[in-house]
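The following exercises are to be worked with the sequence and the structure at hand. Each task is followed by a solution in steps.

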Amino acid sequence: MTPNLHLWLIPVLPLLGAAINGLVGKKFSRQAVVSVALLFSGAAFALVLSVAARFSTLSTPHLEFLATWIRAGSFQADFAFYLDQLSLIMLLVVTGVGFLIHIYSVGYMWEEAGFYRFFAYLNLFMFFMLTLVLSSNYLLMFVGWEGVGLASYLLIGFWFTKDSAASAGKKAFIVNRVGDFGFLIALFLLIKHFGSLNFETVFQGVSPMSPETGGAGLLTAIGLLLMVGAAGKSAQIPLYVWLPDAMEGPTPVSALIHAATMVTAGVYMVARSHVIFDRAPSALTVVAIIGTLTALFAATIGIAQTDIKKVLAYSTISQLGYMFMACGVAAYSAGVFHLMTHAFFKGLLFLAAGSVIHAVGGEQDMRRMGGLKEHIPWTFWTMTAATFAIAGFPPFAGFFSKDEILFRAAQVSLVYWGIGVFTAFLTSFYMFRLWFMTFFGTYRGTEPAGEGHGGHDAHGHDEHGHGGIHESPKVMLAPLVVLAVLSLVGGWVGSARFEKFLSPVFNAAVVTPAAEAAEHGSEMLFTGISVFAAALGLYLAWLFYYRRPELPQQIASGLGGLYEAVVHKYYVDELYANLFVKPLIAGSSLILWHGIDRDVIDATLDNSAHGANEVSDSFRHMQSGNLRSYAGWVAAGAAVVIAYMIWMGTR
Amino acid sequence: MVPISYYLILSGILFACGVTGFLIKRNIISIFMSIELMLNGVNLSFVAFAAQWHALSGQIFVFFVMVVAAAEAAVGLAIIISVYRTRETLNVDQVDLLKL
């Protein structure tokens, strides 16, 4: 017996909210907009909770067929939803964290114009994200995949009158398009070889293939192409460049879309496709290498950033790198575990950063902060929890998940592990740098006045200003506290239990107690080292940014060019601009615009119009308006006709 | 008997005179008379052919043309008088209110 769970309601509820707010919200009062948005996202969360409560009684995976969508020949794609342990966790994260961020946004966005628009987009995002997570085939997943990209674009460019926000939105969309290209080709390959995009059909088709042959490179190709898509959505090298710019959006958006949920879609997709990746070891290696490199690369950039949200953005990229590293060493449950804890603490970090920005009147530059600990104690304490969680101190959530990833990576290769531990050290360093610069020392900014940030427009994103440093309203603090608690206890479930819960999805071999005991010794050693790395990061940050604030300047000037490169994000944006953007613009402008559009298409039309004009102009003189000349033309015409008749007659 | 070509040549000359007068004259009355000349040139060819082929239809046509020409003369002269009263001129080049 499979009870009807009405899974379809989970995504449709936020869609209704988006439709109501988006279509008629303009006429609503702010209170009405808020109640619609919170009601529908909250209802989705409640529904997910009820599903979770009944989950143990279900036979998984639970498939809910809604309607046939496309049927062409033997190919069929349905509106059908797929619930298993993996999608349940994603559902809980998306709706839970999403609902909290909805609540937070009420306080954060209260003063903004386009309030209804913001909540309509936010609900729309929830709809697409839930579609992505719940879909039972790659095609519906792709719909959600594109939809969250759309919502992300709309929300990054929420302040669309600002040029930088509008172009950041475009950048995110276009870079994602590169990834989606890979994803689409992977889908075409799947259709070609398996005749279906349903997860179950595809995975059944894949299962008999052995890892050695991997369908003669087919699975490797599909895996790599899927990874291209995942790299775009989840901001991995080489497609990560859009995520830092995406910080132009409102801070709750950064928290929800660009930290907690959407960017983890790539991880979810790789984990969902684990059947394919398991049989394509070389693709898996690429995933691991990309993840590891991204983790390290983004962490080093994060060290030198001064914009509080940019630090968090690079930190997000780096943490996503950890998740891909975990997937790359086939420790999918560790990756998903980190995805979950990361959603808690990184969502919290962004929300707390938003609260800080709110407090100091729209300032985002950490160099103009400092000493905020006394002024905004709630924000300080919740942010402290998140910072310790991301740095990987026990017993916070990040410790458990990161430790599990590092341990599993070490079993595959010590190189992954070494880079991972070094990245953990860097993570701890830049997060505590942020922590010390923001909350300790003396306040270095000017007293925030009503609209007193005209002097630094580049950073004055969030147009808040009430005068004086002040704590955020309770509606913003409540989600912070909830997430802080989750950041603390979220990891206590333990990676082993988490893995056991997910084992039906990943078919992981259950570790026997004896083997576990044997591993225990070495695991303790690895744990000790990673905790030591985190503590070292804390100590150095304390030394540099609290004890002796003049040191970083000296070190920076000592490093010279390297420091410059890090500050400028290794010039990757400039490299891409020179490599892709400028040639594209030059080609479009010289060949397509000047060469083809103007000289061929326009010229054809223009010249035929000119020709017609000139011929008409010569005929125009016949119509002089002089009646007698008309009569003359008639007579001349008649004469010609007569002459012709005579000539015909005499022939 | 006079051959038909003589009548036809005379008819053509009359018609050509009418056309020429119509084109070069500026006085409305002269133009009007040129029109009558053209009509009569045509009438001449009608009756010439009627006599040649012993067919009555040509002569009947001539009567029609004459009737229409008479009616036209009545209407046309009325218009000419009206034009002269309002414009105090009979020069067609100056009767150009409809021109741009």
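**Exercise 1. The nonpolar core**

Task: identify which residues touch the most other members of the largest nonpolar core.

Solution. A nonpolar core is a set of buried Ala, Val, Leu, Ile, Met, Phe, Trp, Tyr and Cys residues joined through C-beta atoms within 7 Å. A residue is buried if 20 or more other C-beta atoms lie within 10 Å of its own, exposed if 12 or fewer, and partly exposed in between, with C-beta atoms placed from the backbone. The largest such core has 214 residues, of which A:F125 and A:V287 touch the most other members. Helix α15 (residues 332-359) of chain A supplies the largest share of this core, 18 residues. Helices (H or I, at least four residues) and strands (E, at least two) are DSSP runs, numbered from the N terminus.

Leaving out residues up to four places away in sequence, A:V287 touches A:M227, A:V270, A:F277, A:F324, A:C327 and A:G328.

**Exercise 2. Confidence and numbering**

Task: state the average pLDDT of chain A.

Solution. This is a predicted model, in which local features need pLDDT of at least 70 and side-chain atom pairs count only at pLDDT 80 or more, while totals for chains, interfaces and linings use all residues. Residues are numbered from 1 along each chain as its sequence is written, and chains are lettered from A and ligands numbered from 1 in the order in which they are written. The pLDDT is the predictor's confidence in each residue, from 0 to 100. Chain A averages 86, and 93% of the residues score at least 70. Over residues 449-466 of chain A, however, the pLDDT is below 50; this stretch has 32 contacts in the model beyond near neighbours in sequence.

**Exercise 3. A hairpin in chain A**

Task: determine how strands β1 and β2 of chain A run relative to one another.

Solution. Two strands pair if DSSP finds at least two bridges between them. Here nine bridges join β1(A) to β2(A) (residues 75-83), and the strands run antiparallel. The bridge partner of A:A67 in β2(A) is A:F79. The two strands form a hairpin with two residues between them, and A:G73 in the turn has a positive phi of about 65°. Of the eleven residues of β1(A) (residues 62-72), one is buried, so this strand lies largely in the open.

**Exercise 4. Chain B**

Task: state how many helices and strands chain B has.

Solution. Chain B has three helices and zero strands. Buried residues make up 10% of its 100 residues.

Terms used:
Contact = placed C-beta atoms within 7 Å.
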